[in-house]
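Please look at the chain shown here and follow it along its loops and end segments. This report then takes up a few residues and describes the surroundings of each.

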Amino acid sequence: LGLPAYTMRFRFYQSDFDPTTVSHPSWPSASTWTKVSSSPNVWDFKYENSDWRVTDSIFFSLGSSKFSVLGANTTGVTNMGHLFRYAPLVTIEHAFDTSAVTNTNYMFSSMPYCSSLPMFDFSHSTEITGMFHMSSGFEYIPDYDFSSARGMITYLCEYCTHLKRVPDFTFTVNNITLADACFHLCGA
C-alpha cells in the first residue's frame with residue numbers, strides 16, 4: 001500500500017462513519033485520522049510512536065462501527081498490547097510488520113467478528129498473555145512462532161468458542177512460568 005511509517009489503513013463498513021467525530025476516543029491525542037476515499041469509506045490512522053498501547057484498546061471507541069484493516073506500515077512499533085481489544089474488527093487483509101513488537105498482551109482480545117488472522121511475525125513477542133482471549137469469532141489462528149514468549153501465557157485462547165482446531169504454536173517451554181487456561185472453554 002506504500003503507507004508512511006506508523007500508519008494503519010482502515011475500511012469502515014458504515015459508509016458515512018467518520019472516526020474524527022467519535023465522542024470519547026481512546027486513541028492517543030497525538031494521533032491523526034485522514035480520509036483516503038469516500039467510496040469505500042477508507043481512512044488512515046497515524047500515530048508516530050513506537051508504543052501503540054494506551055490505557056486499553058486504541059480502537060475500542062469505534063464501538064459498533066465494523067471495520068477491516070487493509071494494511072499498515074508499523075515498522076518500529078514495539079508495543080501492540082491491547083491494540084484491537086474490544087474493537088469491531090472484521091478482518092485484517094494484509095499482515096503488517098510486527099517483527100519489533102515485544103508486547104502483544106490482549107492484542108486481539110474480545111473481538112466477536114474476526115474469524116481468522118494473517119500470518120504475522122510474533123517471534124520476538126515476549127508478552128502474549130490473553131492475546132486472543134474471549135475472541136469468540138475466531139475459527140482459525142495461524143501457527144505462530146512464540147518462541148520468545150516469557151513468563152505467563154495465561155488465557156491465551158480462553159473462550160475462543162468457535163476455534164475449530166488448536167493452533168500449533170511454537171514455545172520455548174523453559175521460558176514459560178504459567179500457562180493457565182490457555183484453551184479453557186474452547187468448545188468447538
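Helices, of at least four residues, and strands, of at least two, are DSSP runs that are numbered from the N terminus. With this numbering, A181 lies in the segment after strand 7, which spans residues 176–178. It should be kept in mind throughout that this is a predicted model.

**Backbone angles**

A181 has a positive phi of about 60 degrees, although A181 is not a glycine. Is A181 buried or exposed? Buried means under 20% relative accessible area, and because A181 has a relative accessibility of 18%, A181 counts as buried.

**A loop residue and its surroundings**

Where is S15 placed? S15 sits in the loop that joins strand 1, residues 7–12, and strand 2, residues 32–37. With a relative accessible area of 57%, S15 is exposed, since exposed means over 50%. Leaving aside residues up to four places away in sequence, S15 touches S38 and N41. The C-alpha atom of S15 is also separated by 6.9 Å from that of P40, although these two residues are 25 residues apart along the chain. P40 itself belongs to the loop between strand 2 and strand 3, the latter covering residues 41–46. The peptide bond that leads from S39 to P40 is cis, with omega near 0 degrees.

**Cysteines without a disulfide**

How many disulfides does the structure hold? The structure holds zero disulfides. For C160, the closest cysteine sulfur is the one in C157, and because the two sulfur atoms are 4.8 Å apart, they are too far from each other for a bond; a disulfide would need a pair of cysteine sulfur atoms within 2.5 Å. C186 is likewise in no disulfide, and the cysteine sulfur nearest to that of C186, which belongs to C160, is 5.2 Å away. As for accessibility, C160 counts as buried at 0%, whereas C186 is partly exposed, with a relative accessible area of 23%.

The table below gathers the accessibility values of the residues discussed above.

| Residue | Relative accessible area | Class |
|---|---|---|
| S15 | 57% | exposed |
| A181 | 18% | buried |
| C160 | 0% | buried |
| C186 | 23% | partly exposed |

How values were computed:
Residues are numbered from 1 along each chain as its sequence is written. This is a predicted model: local features need pLDDT of at least 70, side-chain atom pairs count only at pLDDT 80 or more; totals for chains, interfaces and linings use all residues. Side-chain values use heavy atoms; hydrogens and water are left out. Buried means under 20% relative accessible area, exposed over 50%, partly exposed in between (1.4 Å probe, protein chains only). Contact means heavy atoms within 4.5 Å.
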